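Visitor: I am new to reading structures. Could you take me through this one, step by step?

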Amino acid sequence: MNFYQQLVKQKLKTITPEELVAYSQDYDLPITVSQAKKILQLARTNDINVFDPKERKKWVRELAKITSPEIAKKANELFLKFVQKK
């Protein structure tokens, strides 16, 4: 795992639901605090690597269950941009 991936994992461990909601609004992915809590619980209890296409696809499916298919699709597009910048 490279430094960039470690940084992402560390941020997932420390971000609060309220911070995640604020970030989501910045990227036009509106979620509620309740949804943010579920997303963070999923991220913290499962070792999901958004840099791996298969794992990211699985993550996006779970995200769609928590939020909506539209938000999951937008999140996947954002993940793809993010991963390409690494």
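Visitor: How are H3 and H4 oriented to each other?
Guide: This is a predicted model, in which local features need pLDDT of at least 70, side-chain atom pairs count only at pLDDT 80 or more, and totals for chains, interfaces and linings use all residues. Residues are numbered from 1 along each chain as its sequence is written, and side-chain values use heavy atoms, with hydrogens and water left out. Helix H3 (residues 33–45) and helix H4 (residues 53–66) pack at an angle of about 155 degrees, with axes 10 Å apart; axes are lines fitted to C-alpha atoms over the stretch in contact, and angles run from 0 to 180 degrees between N-to-C directions. Angles under 35 degrees count as roughly parallel, over 145 as roughly antiparallel, 65 to 115 as roughly perpendicular and the rest as oblique, so H3 and H4 are roughly antiparallel.

Visitor: Which residues of H4 does H3 meet?
Guide: Helices are DSSP runs (H or I, at least four residues), numbered from the N terminus, and contact means heavy atoms within 4.5 Å. From H3 come Gln35, Lys38, Ile39, Leu42 and Ala43, and in H4 they meet Trp59, Glu62, Leu63 and Ile66.

Visitor: How are H1 and H3 oriented to each other?
Guide: H1 and H3 pack with their axes 9 Å apart, at an angle of about 130 degrees. H1 and H3 are therefore oblique.

Visitor: Which residues of H3 make the contact with H1?
Guide: On the H1 side, Leu12, Lys13 and Thr14 take part. Their partners in H3 are Leu40, Ala43 and Arg44.

Visitor: Which helix supplies the largest share of the lining of the largest pocket?
Guide: A pocket, on a 1 Å grid over the protein atoms alone, is an open set of points where a 1.4 Å probe fits, with protein on both sides within 12 Å along at least five of seven lines; lining residues have an atom within 4 Å of a point. Here 30 residues line the largest pocket, and Val8, Leu12, Leu20, Leu78 and Phe79 lie nearest its centre. Helix H1 (3–14), helix H2 (17–26), H3, H4 and helix H5 (69–85) each give at least two lining residues. The largest share, seven residues, comes from H5.

Visitor: Which residue has a positive phi although it is not a glycine?
Guide: Look in the loop between H2 and H3, where Asp28 is found. The residue with a positive phi of about 55 degrees is Asp28.
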